[in-house]
Amino acid sequence: MLPSGLSDQELEIQVESEANQYIPFSLDEVSLDFCVIGASANSPGDVDVLIAASRKEKVQDRQGLAEAAGLKPVILDVESYASRLAAERLIENLPEKGLDCMVALFEVGAFTTTMQAIRNGEVVYDRDQAFGGAQLTQLIVRQYGFSQEEAEAKKRSGDLPEDYDTSVLKPFVESLSQEIGRALQFFFTSTPFNKVDYIMLAGGSSALSGLPEAVMAQTGFATNLVNPFDGMDVKDSVREKRMRREAPSYLTSCGLAMRRFMQ
């Protein structure tokens, strides 16, 4: 929160001064940016400012990766903000355009499951859990003796023994749905809220067979698998079947691409 009416240069100086309180590194080691969100609801005459920061080597790693792929990086975004930007487009397709709806967005990655509770475009709660699809890969390794690489490849292709669904996948899906249920309960006990209207599942490990149904049974809340391409035109050159199958893992990518239409 900073005084309103500052010039861009004054804002930058003030933000750098304030950032020292929140960033546990020297500012020389950090790439820093900020934006003014708007007038502060709690302090008339001030504005709320969002600060984003990352270690410089993290930025340089991603910049180098983009350049090696023949791309010219223009913006480096925060992953959770990019995914939320794409999710908000989907929330607008809910009844009443999602107005006043509490949506719990879960992104199930390899090692981490991220929850964001979103209401009217505002994140009211977010939390990371150390649980993801890599644990399913480890279960496959232990159950069938495959190498790590073989297990990951077979998990993606579905080329697994007949007892996989009942012996490995179903117990893992139940365990994952319980983790999601616990995350919601933690949200309810940590905030004034006691329910969500919709649960959205995204991320590379969210498309597991039976997961939306298991989460709905575990939590009692309407649950659906995110397709960030809903409502988009698809060119003939795109392998649409594969795109639809892998759609939940592209939520963040879609949010990054949508930046182009906001310039």
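User: Among contacts in the protein between residues at least 6 apart in sequence, what share joins residues at least 24 apart?

Analyst: That share is 53%, with a contact meaning heavy atoms within 4.5 Å. Keep in mind that this is a predicted model: local features need pLDDT of at least 70, side-chain atom pairs count only at pLDDT 80 or more, and totals for chains, interfaces and linings use all residues. Residues are numbered from 1 along each chain as its sequence is written, and side-chain values use heavy atoms, with hydrogens and water left out.

User: How many helices and strands make up the secondary structure of the protein?

Analyst: Nine helices and eight strands.

User: Why does serine 177 count as buried?

Analyst: Buried means under 20% relative accessible area, exposed means over 50%, and partly exposed is in between (1.4 Å probe, protein chains only). Serine 177 comes in at 0%, so it counts as buried. Its place is in helix α6, residues 164–190. Leaving aside residues up to four places away in sequence, serine 177 touches Leu211, Ala214, Val215 and Gln218. Across the 263 residues of the protein, 35% count as buried.

User: What makes glutamate 96 exposed?

Analyst: The relative accessible area of glutamate 96 is 69%, and the cut-off for exposed is over 50%. Glutamate 96 is found in the loop between α3 and β4.

User: And what about aspartate 100, at 43% relative accessibility?

Analyst: Aspartate 100 counts as partly exposed. Aspartate 100 is in the loop between α3 and β4 too.

User: Why do the buried residues of α9 line one face of the helix?

Analyst: Start with the list: in α9 (residues 251–258) the buried ones are Leu251, Thr252, Cys254, Gly255 and Met258. Looking down the axis of α9, they fall within an arc of 160°, so they line one face. The arc is taken from the directions from the helix axis to the C-beta atoms. As background, an α-helix has 3.6 residues a turn, so residues three or four places apart point the same way. The buried residues of α9 pack against α3 (79–91), β4 (102–108) and β7 (198–202).

User: How do you know that β1 and β3 pair?

Analyst: Two strands pair if DSSP finds at least two bridges between them. β1 and β3 (residues 46–55) have two, in the antiparallel sense, so they pass by that rule. In β3, leucine 2 has valine 47 as its bridge partner, and proline 3 has aspartate 46. β2 and β3 pair over nine antiparallel bridges, and they form a hairpin with six residues between them.

User: What makes β6 and β8 the edges of their sheet?

Analyst: That open sheet has five strands in the order β6-β5-β4-β7-β8, with mixed pairing. β6 (122–129) and β8 (223–225) each have a single partner strand, so one side of each is left without a neighbour in the sheet. Neighbouring strands are turned by 20° against each other on average, direction ignored. Within the sheet, β4 and β5 (residues 113–119) pair in the antiparallel sense over seven bridges, with phenylalanine 106 opposite methionine 115 in β5.

User: How much space lies in the largest pocket?

Analyst: About 1600 Å³. On a 1 Å grid over the protein atoms alone, a pocket is an open set of points where a 1.4 Å probe fits, with protein on both sides within 12 Å along at least five of seven lines; lining residues have an atom within 4 Å of a point. Of the 36 lining residues, the closest to its centre are Ile75, Leu76, Asp77, Val78 and Arg259. Elements giving two or more residues to the lining are β2, β3, α2, α3 and α9, and α3 gives the most, with six residues.

Methods: Helices (H or I, at least four residues) and strands (E, at least two) are DSSP runs, numbered from the N terminus. Grid points are joined across faces, edges and corners, and a volume is the space filled by probe spheres set on the points. Axes are lines fitted to C-alpha atoms, for helices over the stretch in contact, and angles run from 0 to 180 degrees between N-to-C directions.
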